[in-house]
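Hello,

I am passing a structure on to you. Please open it first, then read my notes below.

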Amino acid sequence: MSQLLSGKPVAEAIRAEVGEIVKQLFSRNVVPTLALIVATHDEAALSYVRMICKTAAKVGVQTKISELDPTVTEQEIEAELQRLAADPEIHGIILQTPLPEQADQDALRALIPFSKDVDGASPLSAGRLVSELDGFAPATAAAVMQILHHYNISLQGKQAVVIGRSRVVGKPVATLLLHADATVTVCHSKTEDLADITKEADIVVAAVGKPKLITIDHIKTGAIVIDVGTNILEDGTLVGDVDAEALAAKDASVSPVPGGVGPVTTAILLHHTVRAAKNSLNA
Ligand code: NAP
């Protein structure tokens, strides 16, 4: 039977858990703190940062924004990253994208210590994820898994297709699905006959950034579909990659946009931050 895979109860459950960990940290005089380096005027990025700060405040996580002008040099961002990396009162670091053109994103990401890399952005975190070592997965990828877990969707032996192979979403989602014993296929812009592949899948994760890419022709009856895409239409409406209304005819269970992966991603970032703060007590 199809169901709406809303992210709201998932995010609420995670935030409640964060609140409990925050209480434990406060009792040991630790204020969990997330630092965000922001060097952009991009409105979507700024609104994402505002959302993180607002949600963090509700659960007792402190946020500190290092606001840098987009004309900043790579060396100045590097210096700020190193300052935050060395500060014992900072538990998580997010290097918000987009970064200024003059900055080497890969070089900067590599400077985030993995113990504070709450969005799994560094190559070390990526390697540790593949190697199944402790660390933080990119929050969006972890959010996809958390939604599947919350709705008791079994993954073992299931055919999962991930559409998109970015470092922040597609690849880590595919890795996490593989770790959960799904049989995973990854599709991308050069994939031929996408619908023939996705039609075989029990679980489809769409992480592309193209409205209505996934239609009724891409999905088998009763499939689970997680829509990661966030696309702003000309009239300002936010939509995902999936034509969710059409998929209802296939009895598919779909995560909505908005209200699906997005709020869970924010909650996961805070969960990672309080975990990092807890880990710092034992370091
Ligand atoms: P990205 O870096 O642009 O990657 C998009 C991927 O889609 C690429 O791997 C690309 O293939 C593939 N692709 C493009 N056109 C395709 C097509 N016609 N058929 C199949 N695959 C195609 O984007 P991203 O950062 O992964 O983000 C993906 C989407 O998720 C975006 O809408 C983004 O806004 C959204 N997002 C949402 C959250 C959230 O919290 N809700 C967080 C992060 C991202 P190639 O590799 O061949 O180019």
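Helices here are DSSP runs of H or I with at least four residues, numbered from the N terminus. On that basis, helix H10 spans residues 261-282. This helix gives the most to the shell around the ligand, with three residues. Please keep in mind that the model is predicted.

The ligand site

There are 20 residues around the ligand. Nearest to the ligand come Thr140, Arg165, Ser166, Ser189 and Thr230. By class, ten residues of the shell are polar, eight are nonpolar and two are charged.

How much of the ligand does the protein cover? On its own, the ligand has 930 Å² of accessible area, and the protein covers 69% of that.

A loop residue

Now look at Ala249. You will find it in the loop between helix H9 (244-247) and strand S10 (253-254). Is Ala249 buried or exposed? Its relative accessibility is 67%, so Ala249 counts as exposed. The cut-off for exposed is over 50%.

Ala249 can also be set against Glu132. The two are 117 residues apart in sequence. In space, they are 38 Å apart, C-alpha to C-alpha.

Best wishes

Terms used:
Residues are numbered from 1 along each chain as its sequence is written. This is a predicted model: local features need pLDDT of at least 70, side-chain atom pairs count only at pLDDT 80 or more; totals for chains, interfaces and linings use all residues. Side-chain values use heavy atoms; hydrogens and water are left out. A residue is near a molecule or strand if one of its heavy atoms lies within 4 Å of it. Accessible areas come from the Shrake-Rupley method with a 1.4 Å probe; for residues, only the protein chains shown count as cover. Helices (H or I, at least four residues) and strands (E, at least two) are DSSP runs, numbered from the N terminus. Ala, Val, Leu, Ile, Met, Phe, Trp, Tyr, Cys and Pro count as nonpolar, Asp, Glu, Lys and Arg as charged, and the others, Gly among them, as polar. Buried means under 20% relative accessible area, exposed over 50%, partly exposed in between (1.4 Å probe, protein chains only).
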